[in-house]
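Hi everyone, thanks for making time.

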Amino acid sequence: FWTLFYVSLIGLILICILLIVSIVFSKRIFLQRKYGSVLLVVSVCALLLFGFLTAKHFVECYKDLSYVTNDTYVEEECKVIEYTRIERDLDGNGQISYNDPKLYVIDTDEYIILNLQGVEIGETYLIRYYPNTKICEVVEKIS
């Protein structure tokens, strides 16, 4: 959690600094060159895109910060319904990786998708997770 938090925070700060520098020094860096205005627009759009993605991760971490600082988490009994992402290894060895299972939360009668591996379809597990970042762990297999 802390790695994701600090990487997104540092990334957000760096992107803001790069965006400000590219706008302030646009005449020296971009506009004195051929197609400089196109390069300026493309670089500002790319920085804004990466800025939005970094901000999204930072906001998710910030929402879960109260869970982490209080050393709490959400603990639920969940039944694995299906996998939402299946990856095939293209090396020719035929390995298949099943990720991001769709879980049915028994107590609240809702479905969640978590970044989880090593679970089987149809089995029930006790799972601890942070609701916004989807960082989780399997505590025990119930059935």
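This is a predicted model: local features need pLDDT of at least 70, side-chain atom pairs count only at pLDDT 80 or more; totals for chains, interfaces and linings use all residues.

**A walk through the helices, rings and strands**

Let's start with Thr54, which lies in helix α3. Is Thr54 buried or exposed? With a relative accessibility of 13%, Thr54 counts as buried, because the cut-off for buried is under 20%. And which residues does Thr54 touch, if we leave out those up to four places away in sequence? The answer is Ser8, Gly11, Leu12 and Ile15.

Helix α1 runs over residues 2–24, which makes 23 residues. From its first C-alpha to its last, α1 reaches 33 Å, close to the 33 Å expected at 1.5 Å a residue. Which residues of α1 are buried? They are Phe5, Ser8, Gly11, Ile15, Leu19 and Ser22. The cover over the buried residues of α1 includes α2, residues 26–29, and α3, residues 36–69.

Now for the aromatic rings. A pair of rings is described by how far apart the centres are and by the angle of the planes. Searching the whole structure turns up five aromatic pairs. One of the pairs is Phe58 with Tyr62, which is stacked, at 6.4 Å centre to centre with 25° between the planes. These two residues are four apart in helix α3, so about one helical turn separates Phe58 and Tyr62. Phe58 is buried, with a relative accessible area of 19%, while Tyr62 is exposed, at 55%.

Another pair is Tyr67 with Tyr130, and this one is tilted: 6.4 Å centre to centre, 45° between the planes. What does this pair tie together? Tyr67 lies in helix α3 and Tyr130 in the loop between β4 and β5, so the pair ties together parts that are 63 residues apart in sequence. Tyr67 is partly exposed, with a relative accessible area of 24%, and Tyr130 counts as buried at 16%.

On to the strands. β1, residues 74–88, pairs with strand β2, residues 96–105, in the antiparallel sense over nine bridges. If you want to find one of those spots, the bridge partner of Val80 is Leu103 in β2. β2 also pairs with strand β3, residues 110–113, again antiparallel, over four bridges. There, Tyr104 stands opposite Tyr111 in β3.

β2 and β3 form a hairpin with four residues between them. In the turn, Asp109 has a positive phi of about 60°. Most residues other than glycine have a negative phi. Where else do we find a positive phi in a residue other than glycine? Asp71 is one place, with phi near 55°. Asp71 lies in the loop between α3 and β1, and is exposed, with a relative accessible area of 63%. Lys134 is another, with phi near 65°. Lys134 lies in the loop between β4, residues 124–129, and β5, residues 136–141. At 28% relative accessibility, Lys134 counts as partly exposed.

Key: Residues are numbered from 1 along each chain as its sequence is written. Side-chain values use heavy atoms; hydrogens and water are left out. The expected span of a helix is 1.5 Å times one less than its number of residues. Buried means under 20% relative accessible area, exposed over 50%, partly exposed in between (1.4 Å probe, protein chains only). Contact means heavy atoms within 4.5 Å. Rings of Phe, Tyr and Trp (its six-membered ring) pair if their centres lie within 6.5 Å; planes under 30 degrees apart count as stacked, over 60 as edge-to-face and the rest as tilted. Two strands pair if DSSP finds at least two bridges between them.
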